[in-house]
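Have the viewer open while you read.

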Amino acid sequence: MSRPVAIFRHARSEGPGHLAAFLDARGIPWRLIRIDAGDAVPACVREYAGLVFMGGPMSVHDDLPWIAPVLALIRGAVGAGIPVLGHCLGGQLMARALDGTVGPNPVKEIGWGEVTVAGSDQARLWFGDVQHFTAFHWHGETFSVPPGASPLLSSAHCPHQAFAIGPHLALQCHVEMTAAMVEAWCRLGAKELREAAASPGVQPAAEILRDLPARVAALNARAAAIYDRWAEGLRGG
């Protein structure tokens with residue numbers, strides 16, 4: 001594969017995490033586009049085999065100069081059949097680009113929580129026989145399922161945790177987490193955790209960090225299966 005996967009980072013603390021290890025292990029080239037550091041949004045989507053959008057603390061509705069070109073890039077990729085993958089904010093960007101909506105979730109959702117796999121053929125294509133798994137969450141907004149897309153995942157606090165349309169996958173939850181990322185987010189988000197402590201969807205830092213190596217290992221395994229399915233759509237050269 002000569003063309004790389006473009007990975008868009010919107011905040012320094014929200015990099016590709018386990019996705020980078022997955023791509024490296026499979027010899028899939030990738031390029032990090034650091035939106036947070038002022039990197040330009042590429043003008044031509046055909047330079048890339050796929051597009052991946054990571055998370056971030058901002059909203060898709062914020063008046064930021066890179067949002068409109070990113071939405072156009074997503075639409076261009078979908079039109080060209082170039083696989084797109086979104087994590088949290090990245091999934092929200094995909095939803096907005098594809099005529100879905102993004103707005104407040106009923107409650108903030110922060111920490112480890114079970115997601116349920118839909119009982120549809122599309123969900124089985126992405127998740128096989130898995131019926132539920134534990135994902136990581138850190139969001140206050142969420143997306144609707146755009147026209148023509150299939151809902152794949154839900155949770156107790158968020159009805160739309162993932163959707164797919166063809167080779168394109170949008171996740172509201174985080175499957176890319178490493179132990180270092182979880183620890184860093186708990187440090188950086190300590191004030192948010194305190195302020196949202198009353199939310200039924202928010203766990204305290206001590207609970208988030210409990211059994212962290214085992215939880216991250218299980219999540220990495222699930223992420224690898226999801227990424228394997230997404231990588232099937234990547235085009236070479």
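## Reading the helix angles

Before the helices, a word on how their angles work: axes are lines fitted to C-alpha atoms, for helices over the stretch in contact, and angles run from 0 to 180 degrees between N-to-C directions. Keep in mind that this is a predicted model.

With that in hand, take helix 2 and helix 3 (residues 89–97): their axes come within 9 Å and cross at roughly 70°. Angles of 65 to 115 degrees count as roughly perpendicular, and helix 2 and helix 3 therefore fall into that class.

## What sits between helix 2 and helix 3

Which residues of helix 2 meet helix 3? On the helix 2 side they are Ile67, Val70, Leu71, Ile74 and Arg75, and they meet Leu93, Met94, Arg96 and Ala97 in helix 3. Sorted by class, that contact has 7 nonpolar and 2 charged residues, with no polar ones.

An open sheet is built from 9 strands with mixed pairing, running in the order 2-1-3-4-9-8-7-5-6. Strand 2 (30–34) and strand 6 (132–143) are at the edges with a single partner strand each, so one side of each has no neighbour in the sheet. On average, neighbouring strands are turned by 25° against each other, ignoring direction.

Zooming in on one pair, strand 5 (residues 102–117) and strand 7 (residues 150–155) run antiparallel and are joined by 3 bridges. Val117 stands opposite Leu153 of strand 7. Helix 2 (residues 67–80) packs on the sheet as well, where it touches strand 1, strand 3, strand 4 and strand 9 (168–171). The direction of helix 2 makes about 140° with that of strand 3.

## Around helix 5

Helix 5 (residues 179–188) has its own set of buried residues: Met181, Val182, Ala184, Trp185 and Cys186. What do they pack against? Their partners are strand 5 and strand 6, plus helix 6 (190–195), helix 7 (205–209) and helix 8 (212–231).

## The whole thing

Stepping back, the protein has 8 helices and 9 strands. Its radius of gyration is 16 Å, close to the 18 Å that the globule rule gives for 237 residues, so it is as compact as a globular protein of that length. The C-alpha trace spans about 50 × 40 × 35 Å along its principal axes.

Buried residues account for 54% of the 237. Of the contacts between residues at least 6 apart in sequence, 74% join residues at least 24 apart.

Technical notes:
Residues are numbered from 1 along each chain as its sequence is written. This is a predicted model: local features need pLDDT of at least 70, side-chain atom pairs count only at pLDDT 80 or more; totals for chains, interfaces and linings use all residues. Side-chain values use heavy atoms; hydrogens and water are left out. Two strands pair if DSSP finds at least two bridges between them. Helices (H or I, at least four residues) and strands (E, at least two) are DSSP runs, numbered from the N terminus. Contact means heavy atoms within 4.5 Å. Angles under 35 degrees count as roughly parallel, over 145 as roughly antiparallel, 65 to 115 as roughly perpendicular and the rest as oblique. Ala, Val, Leu, Ile, Met, Phe, Trp, Tyr, Cys and Pro count as nonpolar, Asp, Glu, Lys and Arg as charged, and the others, Gly among them, as polar. Buried means under 20% relative accessible area, exposed over 50%, partly exposed in between (1.4 Å probe, protein chains only). The radius of gyration is taken over C-alpha atoms; the globule rule is 2.2 Å times the number of residues to the power 0.38.
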